[in-house]
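Welcome! Please take a moment with the sequence and the model, and then let us walk through them together.

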Amino acid sequence: MSAFLARLAARPTVTLGRAPTTPRTPTAPRTPTAPLAPAAHHRGATTAPDRRAPGTTAAALLIAAAASGISGPSLALPTAARALHIPTASAAWLMTAYGLGLLTGTPLLAGTAGRRGPAALVRAGAALVALGAAIVLASPTALLPLVAGRAVEAAGAAGLTVAAFRIAGRDRSGRSTGLVAIGNAAGGTLGLFVGAGAAQLLGWRAALVMPLLALAVLPAVLRPAGRARRTGQARAAGPAGRARSGAPDGRLRDALPLGLLRRPDFRRPALLMLALATVNFALVYGAPRRVSALTGWGPLPTGAAVASVALAGALLSWQLVRLAPALGTARVRVLLAAGSTAAAAAAAFAPWPPVVLLGSALSSLVTAGGQGVLTGSAVGRLAPERQGGAIGLFNLAFPAGVAAGPVLAGFADQTVQFLY
């Protein structure tokens with residue numbers, strides 16, 4: 001799967017990168033300052049240039065529901081901590097466990113169920129989400145089984161996330177991948193408000209099982225997921241493809257191609273994505289507490305305010321994705337890094353609630369935009385048969401940030417004392 005972003009800002013008459021096999025006009029040669037992603041017309045493309053991949057909207061909804069589990073417990077943690085008779089900082093493990101589950105589930109499901117296509121990934125992910133939610137709802141009032149249930153739930157959400165990106169990956173322009181990335185960010189931000197509301201209406205455990213919402217999207221996503229499987233089979237047809245698919249060693253390498261870490265054009269965007277995600281999820285944990293401390297608001301108003309501005313930032317990230325090819329790789333990376341740094345400083349140290357909220361919105365913008373843009377930058381130059389495994393490895397940066405962010409925020413809470 002790939003996210004070819006060079007055509008996002010291009011007009012229909014413009015062609016970037018490699019030309020079609022029978023060009024009508026000469027095509028400009030490549031230069032070292034080529035755009036973030038290669039050709040608009042690429043071997044293996046399966047959708048028309050100006051159309052999204054079939055099932056993209058359903059995939060965006062699926063990934064949004066899966067991502068709601070990341071932030072859903074944030075505003076319910078004080079209530080959960082009181083029920084569990086533990087400090088709020090210890091209850092933050094309910095968020096960190098979700099990141100660890102995503103980190104484990106992404107390569108595991110991509111390397112097992114993923115070999116049978118996105119539909120198998122969706123089914124396996126949904127089963128794990130249901131199992132993890134059942135553990136959370138049935139467990140006694142103790143932290144360890146709740147953490148275990150959240151980790152299982154997150155492993156299932158990881159499978160749903162990879163499946164959503166693979167469905168969108170049939171669109172080689174990157175538009176569909178960008179839309180799915182925005183769905184990911186939107187779900188993660190709206191989870192703050194929805195989780196707070198669910199905790200007030202149904203109890204704090206309801207905020208821990210937000211990914212169950214993904215089960216409502218399954219009928220809409222399984223059909224396009226099956227079509228994505230057939231497309232992948234057709235692309236791998238031929239003696240060489242059959243030989244690769246029949247080799248267990250090749251399957252393992254395709255699931256988690258660690259050799260890509262030796263490539264600077266993959267490693268740099270992956271490390272930047274890790275930094276963006278870590279800052280963003282530190283703010284998912286810390287910014288609502290900062291706003292609440294400065295305003296005296298309760299969980300619902302705080303969740304509504306933080307989720308609204310973060311969602312606005314996620315939606316505005318589409319403009320960054322569209323402008324990225326014109327700006328070029330180096331400038332986009334500088335903008336992403338500078339934006340994330342400014343967001344962290346504003347949310348951590350500003351004494352005014354609007355500035356803290358602005359920092360949260362800016363972090364959401366650069367994280368959502370970065371996931372869409374940097375995916376194309378990291379894997380766009382690889383051969384189509386290697387892109388699925390590369391996407392799985394690249395996406396590990398995101399759950400690593402989910403796991404590290406709350407830990408970083410908790411450390412800052414105990415040392416710098418800026419959250420309360």
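**A walk through the model**

Helices here are DSSP runs of H or I with at least four residues (strands are runs of E with at least two), numbered from the N terminus. Before going further, please keep in mind that this is a predicted model, in which local features need pLDDT of at least 70 and side-chain atom pairs count only at pLDDT 80 or more, while totals for chains, interfaces and linings use all residues. Residues are numbered from 1 along each chain as its sequence is written, and side-chain values use heavy atoms, with hydrogens and water left out.

Is Ala163 buried or exposed? Ala163 is buried, with a relative accessible area of 0%. The word buried stands for under 20% relative accessible area, exposed for over 50%, and partly exposed for anything in between, using a 1.4 Å probe and protein chains only. Apart from its neighbours within four places in sequence, Ala163 is in contact with Pro118, Leu121 and Val122, where contact means heavy atoms within 4.5 Å. Gly117 is 46 residues from Ala163 along the chain, and the C-alpha atoms of these two are separated by 8.1 Å.

Staying in the helix, we come to Arg150, which is also found in H6 (residues 143-168). Arg150 has a relative accessible area of 0% and is buried. Which residues does Arg150 touch, once its neighbours within four places in sequence are left aside? Its contacts are Gly69, Ile70, Pro73, Leu94, Met95, Ala97, Tyr98, Val136 and Leu208.

Arg150 also has a charged partner. Its side chain meets that of Glu153 in a salt bridge (3.9 Å, N to O); the term describes a side-chain nitrogen of Lys or Arg within 4 Å of a carboxyl oxygen of Asp or Glu. Both residues of this pair, Glu153 and Arg150, lie in helix H6, three residues apart, which is about one turn of the helix. Glu153 counts as buried too, at 0% relative accessibility.

How many salt bridges does the structure hold? There are two. In the other pair, the side chains of Asp265 and Arg263 meet at 2.9 Å, N to O.

Now let us turn to the aromatic rings. The structure holds two aromatic pairs. Rings of Phe, Tyr and Trp (its six-membered ring) pair if their centres lie within 6.5 Å; planes under 30 degrees apart count as stacked, over 60 as edge-to-face, and the rest as tilted. Phe266 and Phe394 make an edge-to-face pair, with 6.3 Å from centre to centre and 80° between the planes. Because Phe266 lies in helix H11 and Phe394 in helix H15 (residues 384-394), this pair ties together parts that are 128 residues apart in sequence. Phe266 is buried, with a relative accessible area of 1%, and Phe394 is buried with a value of 1% as well.

Phe281 and Phe398 also form an edge-to-face pair, at 5.2 Å centre to centre and 90° between the planes. Phe281 lies in helix H11 and Phe398 in helix H16, so parts that are 117 residues apart in sequence are tied together by the pair. Both of these residues, Phe281 and Phe398, are buried.

The structure holds two cavities of 30 Å³ or more. On a 1 Å grid over the protein atoms alone, a cavity is a set of points where a 1.4 Å probe fits but cannot get out, and lining residues have an atom within 4 Å of a point. Grid points are joined across faces, edges and corners, and a volume is the space filled by probe spheres set on the points.

The largest cavity holds about 180 Å³ of space. Its lining has 19 residues, and Ala185, Thr189, Asn280, Val284 and Ser364 lie nearest its centre. Helix H7 (175-202), helix H11 (264-295), helix H12 (299-327) and helix H14 (353-379) are the elements that give two or more residues to this lining.

The second largest cavity holds about 130 Å³ of space. Of its 14 lining residues, Leu102, Thr161, Asn184, Phe398 and Pro399 are the closest to its centre.

Definitions and conventions
On a 1 Å grid over the protein atoms alone, a cavity is a set of points where a 1.4 Å probe fits but cannot get out, and a pocket is an open set with protein on both sides within 12 Å along at least five of seven lines; lining residues have an atom within 4 Å of a point.
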